[in-house]
Amino acid sequence: MPTFNTLEKLESIKFEKENQPVCLHCFININPHFTSFSNSNSNFFNFQTHPKLQSLNLDQDQAFKMVVVSKPLIEQFFVKPSKPNTNPLIIPDIPLIDLSKPESKHHLVKACQDFGFFKVVNHKVPSKFITKLESEAVKFFSSPVSVKEQFGPPDPFGYGNKSIGRNGDIGWVEYLLLNAKPESNYPQNFQGVVNDYVTSVKTMACEILELLADEMKLEPRNVFSKLLMDEQSDSVFRVNHYPPCPEFQENEKNGRKLVGFGEHTDPQIISVLRSNNTSGLEISLRDGSWMSVPPDSESFFINVGDSLQVMTNGRFKSVKHRVVANGTKSRVSMIYFGGPPLSEKIAPLPSLMQGEEDSLYKEFTWFEYKKSAFNTKLSDNRLGSFEKIIAS
């Protein structure tokens, strides 16, 4: 049997497509013994070994099992049962806000203060933009792996699979992370539909931000929205696909959940999300329990971002959320993350500060916060190092 000295010369290991372990990408990404991985054909997986493995003197069969046998690796995607909410009377309703109503301004502010998360209807985003984008997303994620990987790995934009960021976070997800600027390079047929969709969704996000400013008596009313409209706005667009998982049912019996995208807050100003009608999104409540968000493909969900929390000196809350994948249904979601220019200074707005109110946060540029956020794990308290210690 050949050792790894010989195995390194092998071009591929073949196995039946129907038995292909979906988490193989993840294994290669998180296992330091392997330095590269590519898929040139849907039935073949090529890999190169790390020189350190040569000293292990493993034969081909052992090496094959290390790469292909994925049963123990699937465990990494499941989390233990979360803290249950034992009092159904305190499970809140997700705020539903009709943007066409005059009173929406008041409800928007209250939702940002109490939840940091809400659903909007009468949003004026044309349904044809939504339908076209979802159709193109489904086509792309249904493509052979070799086609999708032409747009990866993400650096920072591009196609990714299982590995999220650069700090070891993983999830049962494949995704496209795209620059929201119109001139960006997208996969074929994505350019036009993404531009139409993002332009419309950004308009809605700016309207929401201006309604918030109106209700809070802030001048100018575009104090938030101008950061998204700036030509240098550092906004991004993400399309996620959470495929079905064959091992889901046996784990579900034990109350465990399949992590699609781990718990986190969004670092930008505002996030606008929609998905197909497959459930999965959960938000963290103040008691530490998790609340499932019923899917609604006709509406949009809005998240307060960390930057908006800072600009309002903590009045608005950036909510921690996550996605748990479904065992039998695919979930497709698309998120616009409205961010400021990299050089923009982020700090509590002086016009919001009352009396001798102290600033809860140190001033920072968006570049500084973005760099800090992307050097941490998803679940870390990203704002922690920017919080001021206030003497009591």
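This text walks through the salt bridges of a predicted model and then one of its strands.

Start with the charged side chains. Side chains of opposite charge can pair when their charged atoms come close. In this model the count comes to 13 salt bridges.

Begin in helix H5, residues 104-114. Lys-110 and Asp-114 both sit in this helix, 4 residues apart, which is about one turn. Their side chains form a salt bridge, with the closest N and O atoms 2.8 Å apart. How covered is this pair? Lys-110 has a relative accessibility of 44%, so it counts as partly exposed. Asp-114 is partly exposed too, at 38%.

Lys-119 and Asp-296 meet in a salt bridge of 3.1 Å, N to O. The two residues are 177 residues apart. Lys-119 belongs to strand S6, residues 117-121. Asp-296 lies in the loop between strand S13 (290-292) and strand S14 (300-304). Are these two side chains buried or exposed? The cut-off for buried is under 20% relative accessible area. Lys-119 has 18%, so it is buried. Asp-296 has 19%, so it is buried as well.

The next pair is Glu-174 and Lys-148. Their salt bridge brings the closest N and O atoms to 2.9 Å. This pair also links distant parts of the chain, 26 residues apart. Glu-174 is in strand S8, residues 169-179. Lys-148 is in helix H7, residues 145-148. Both ends are buried: Glu-174 has a relative accessible area of 6%, and Lys-148 has 5%.

Salt bridges can also share partners. Glu-210, Asp-214 and Arg-221 are joined in this way into one network.

Strand S10 pairs with strand S4, residues 78-79. The two run antiparallel and are joined by 2 bridges.

How values were computed: Residues are numbered from 1 along each chain as its sequence is written. This is a predicted model: local features need pLDDT of at least 70, side-chain atom pairs count only at pLDDT 80 or more; totals for chains, interfaces and linings use all residues. Side-chain values use heavy atoms; hydrogens and water are left out. A salt bridge is a side-chain nitrogen of Lys or Arg within 4 Å of a carboxyl oxygen of Asp or Glu. Buried means under 20% relative accessible area, exposed over 50%, partly exposed in between (1.4 Å probe, protein chains only). Two strands pair if DSSP finds at least two bridges between them.
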